[in-house]
Amino acid sequence: GENGQAGVNLSSYAAIMAGGTNGAIVVPGDPSGSLLVSTQSQATPHFMQLTAEELQLIIDWIAAGAKE
(Lines give C-alpha, C1' and ligand atoms only; values in the text may rest on other atoms or scores of the structure.)
Protein backbone atom coordinates (compact mmCIF):
# COMPACT_ATOMS: atom_id res chain seq x y z
CA GLY A 1 0.00 0.00 0.00
CA GLU A 2 0.88 3.66 0.12
CA ASN A 3 2.70 3.36 3.43
CA GLY A 4 4.76 0.29 2.52
CA GLN A 5 8.15 -0.49 3.97
CA ALA A 6 10.92 1.65 2.43
CA GLY A 7 8.31 3.52 0.41
CA VAL A 8 7.43 0.42 -1.62
CA ASN A 9 3.91 0.57 -3.00
CA LEU A 10 2.78 -2.34 -5.19
CA SER A 11 -0.86 -1.25 -5.43
CA SER A 12 -0.66 0.02 -9.02
CA TYR A 13 1.58 -0.07 -12.08
CA ALA A 14 2.41 3.63 -11.68
CA ALA A 15 3.40 3.12 -8.04
CA ILE A 16 5.62 0.15 -8.90
CA MET A 17 7.37 2.13 -11.62
CA ALA A 18 7.82 5.13 -9.30
CA GLY A 19 10.05 3.00 -7.04
CA GLY A 20 10.68 3.29 -3.33
CA THR A 21 13.12 5.07 -1.07
CA ASN A 22 15.82 2.55 -2.05
CA GLY A 23 15.38 3.08 -5.78
CA ALA A 24 13.71 1.21 -8.60
CA ILE A 25 11.50 -1.70 -7.61
CA VAL A 26 11.32 -2.93 -11.20
CA VAL A 27 13.85 -2.22 -13.96
CA PRO A 28 12.13 -3.12 -17.25
CA GLY A 29 14.18 -5.68 -19.15
CA ASP A 30 16.52 -6.31 -16.20
CA PRO A 31 15.18 -8.79 -13.63
CA SER A 32 18.53 -9.05 -11.83
CA GLY A 33 18.62 -5.25 -11.43
CA SER A 34 15.10 -5.14 -10.00
CA LEU A 35 14.75 -4.79 -6.24
CA LEU A 36 11.56 -6.88 -6.26
CA VAL A 37 13.41 -9.85 -7.75
CA SER A 38 16.52 -9.51 -5.60
CA THR A 39 14.46 -9.22 -2.42
CA GLN A 40 12.26 -12.18 -3.32
CA SER A 41 15.30 -14.27 -4.33
CA GLN A 42 17.02 -14.05 -0.95
CA ALA A 43 17.60 -17.33 0.86
CA THR A 44 15.81 -16.15 4.01
CA PRO A 45 12.04 -15.91 3.49
CA HIS A 46 10.31 -12.75 4.63
CA PHE A 47 6.80 -11.33 4.93
CA MET A 48 4.77 -11.89 1.75
CA GLN A 49 7.30 -14.25 0.16
CA LEU A 50 6.30 -15.23 -3.38
CA THR A 51 6.26 -18.87 -4.42
CA ALA A 52 8.88 -19.98 -6.94
CA GLU A 53 6.20 -20.01 -9.63
CA GLU A 54 4.99 -16.49 -8.78
CA LEU A 55 8.56 -15.18 -8.76
CA GLN A 56 9.22 -16.73 -12.16
CA LEU A 57 6.13 -14.95 -13.56
CA ILE A 58 7.51 -11.65 -12.24
CA ILE A 59 10.97 -12.36 -13.69
CA ASP A 60 9.45 -13.22 -17.07
CA TRP A 61 7.30 -10.05 -17.01
CA ILE A 62 10.28 -7.84 -16.18
CA ALA A 63 12.49 -9.55 -18.79
CA ALA A 64 9.79 -8.86 -21.41
CA GLY A 65 9.88 -5.14 -20.59
CA ALA A 66 7.42 -4.91 -17.67
CA LYS A 67 4.58 -3.60 -19.82
CA GLU A 68 1.45 -2.33 -18.08
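Residues 24 or more positions apart account for 33% of the contacts in the chain with a separation of 6 or more, where contact means heavy atoms within 4.5 Å. The model is predicted, so local features need pLDDT of at least 70, side-chain atom pairs count only at pLDDT 80 or more, and totals for chains, interfaces and linings use all residues. Residues are numbered from 1 along each chain as its sequence is written, and side-chain values use heavy atoms, with hydrogens and water left out.

**Confidence**
- The chain has a mean pLDDT of 88, and 93% of its residues reach 70 or more; pLDDT is the predictor's confidence in each residue, from 0 to 100.
- In the chain, helix 3 (residues 52–63) has the highest confidence, at 96, and helix 2 (residues 35–40) the lowest, at a mean of 90.

**Overall form**
- The chain holds three helices and zero strands; helices (H or I, at least four residues) and strands (E, at least two) are DSSP runs, numbered from the N terminus.
- The 12 residues of helix 3 should span 16 Å at 1.5 Å a residue, and its end C-alpha atoms are 16 Å apart, which agrees; the expected span is 1.5 Å times one less than the number of residues.
- A compact globule of 68 residues would have a radius of gyration near 11 Å, and the chain agrees because it has 11 Å; the radius is taken over C-alpha atoms, and the globule rule is 2.2 Å times the number of residues to the power 0.38.
- Along the principal axes, the C-alpha atoms fill a box of roughly 30 × 25 × 15 Å.

**Burial and core**
- Of the 68 residues in the chain, 21% are buried; buried means under 20% relative accessible area, exposed over 50%, and partly exposed in between (1.4 Å probe, protein chains only).
- The largest nonpolar core has seven residues: Ile16, Ile25, Val26, Leu36, Val37, Ile62 and Ala66. Such a core is a set of buried Ala, Val, Leu, Ile, Met, Phe, Trp, Tyr and Cys residues joined through side-chain atoms within 4.5 Å.
- Beyond its neighbours within four places in sequence, Ile16 is in contact with Asn9, Leu10, Ile25 and Val26.

**Methionine 17**
- Methionine 17 sits in helix 1 (residues 13–18) and is partly exposed, because its relative accessibility is 29%.
- Not counting residues up to four places away in sequence, methionine 17 touches Val26, Pro28, Trp61 and Ala66.

**After helix 3**
- Glycine 65 follows helix 3 and has a positive phi, near 110°.
- Alanine 66 lies in the segment after helix 3, and its phi is near 50°, a positive value in a residue other than glycine.
- Alanine 66 counts as buried because its relative accessible area is 0%.
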